[in-house]
Amino acid sequence: MEKKGILMVISGFSGAGKGTLVKELLRRYDEYALSVSMTTRAPRPGEQEGVDYFFTDRAHFEDTIARDGLVEYAQYCGNYYGTPRAYVEEQLQAGKNVILEIEMQGALKIREKFPESLLLFVTPPSVAELERRLTGRGTEDPEVIARRLARAAEESEGVEAYDYIVVNDRLEKCAEEIHMLVDAARRAPVRRKELISQIREELYCFVKGVQN
Ligand code: 5GP
């Protein structure tokens, strides 16, 4: 396999259970690294600086954009969210599959900038389950939940841009499924360029040898 890891996006409706799923993936397999985003959103109770997000203000966020310090960024429900560049580049070089848990606008930017990235969309088994999970968090008021559901409806229009859709019904099964998809993706010719050019070179050498 090529040494460089895959840049993979995991998106999904707010409340789809992406966070738990990503944690399960990291717990089970050691070839993944999770990028921690920068945001202007206020921390939720229990969220930790540098673990869940790098929390910052708009001025610092905009300064980071200006310095080209983000691989992508987007506005979501009134706040900025973005992916710091340095960690992503470092981890890909180290051979890790880097997970970006980001929303759809960011995912599309990643696809544009990195055509070899893998885009996965996670959905809960039903809308009723989605609402139940959002309400069950108990950290957001009904108005925020309504805004997030409206955003989910909008995002449902863009799901076809992703490579695969994964239904998050059972955590362990779902983590395994994602791992399988990544494994398959690593074998796609678009991500095996070194192998292909090596085979090609050897074949041409061989053909030349036979002709001479
Ligand atoms: P939350 O406020 O629920 O933590 O995140 C809101 C949305 O922003 C989620 O869909 C999450 O995946 C997305 N998000 C988190 N970090 C980033 C990021 O760095 N870039 C983009 N484009 N979206 C992000």
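I began with the surroundings of the ligand and found 16 residues around it, the closest being Ser37, Arg41, Tyr53, Tyr81 and Glu103. I noted at the outset that this is a predicted model.

**Entry 1: polar atoms facing the ligand**

I looked up which side chains bring an N or O atom up to the ligand. For Tyr81, I read a distance of 2.6 Å between an N or O atom of the side chain and an oxygen atom of the ligand. For Thr83, a polar side-chain atom lies 3.4 Å from a ligand oxygen atom. I then checked how far the protein covers the ligand: taken alone the ligand exposes 510 Å², and the protein buries 96% of that.

**Entry 2: the shell around the ligand**

I asked which elements give two or more residues to the shell around the ligand. They are strand 5 (70-76) and strand 6 (79-84). I also sorted the shell by residue class and recorded seven charged, five nonpolar and four polar residues.

**Entry 3: the largest pocket**

I next turned to empty space. Rolling a probe the size of a water molecule over the atoms shows where such space is left. I found that the ligand takes up the space of the largest pocket. I recorded a volume of about 1,000 Å³ for the largest pocket. Its lining consists of 34 residues, and those nearest the centre of the pocket are Gly19, Arg41, Arg44, Tyr53 and Glu101. Arg41 and Tyr53 are also among the closest residues to the ligand.

Which elements each supply at least two residues of this lining? I listed helix 1 (18-28), strand 5, strand 6 and helix 6 (142-155). Helix 1 gives the most, with five residues. By class, I recorded 13 charged, 11 polar and 10 nonpolar residues in the lining of the largest pocket.

**Entry 4: the second largest pocket**

I recorded a volume of about 450 Å³ for the second largest pocket. I found 22 residues lining the second largest pocket, with Lys4, Gly5, Ile6, Leu7 and Glu116 nearest its centre. Helix 3 (85-93) and helix 8 (193-211) are the elements that give two or more residues to this lining. Helix 3 gives the most, with four residues.

Definitions and conventions: Residues numbered from 1 in each chain as written. Predicted model: local features only at pLDDT ≥ 70, side-chain atom pairs only at ≥ 80, totals over all residues. Heavy atoms only, no water. Near = heavy atom within 4 Å. Polar contact = N/O pair within 3.5 Å; in protein donor to acceptor, adjacent residues only side chain to side chain. Areas by Shrake-Rupley, 256 points an atom, 1.4 Å probe, with all protein chains shown as cover. 1 Å grid on protein atoms, 1.4 Å probe; cavity = no way out; pocket = protein on both sides within 12 Å on 5 of 7 lines; lining within 4 Å. Sits in = over half its atoms within 2 Å of the grid points. Nonpolar A, V, L, I, M, F, W, Y, C, P; charged D, E, K, R; others polar. Points joined across faces, edges and corners; volume = space filled by probe spheres on them.
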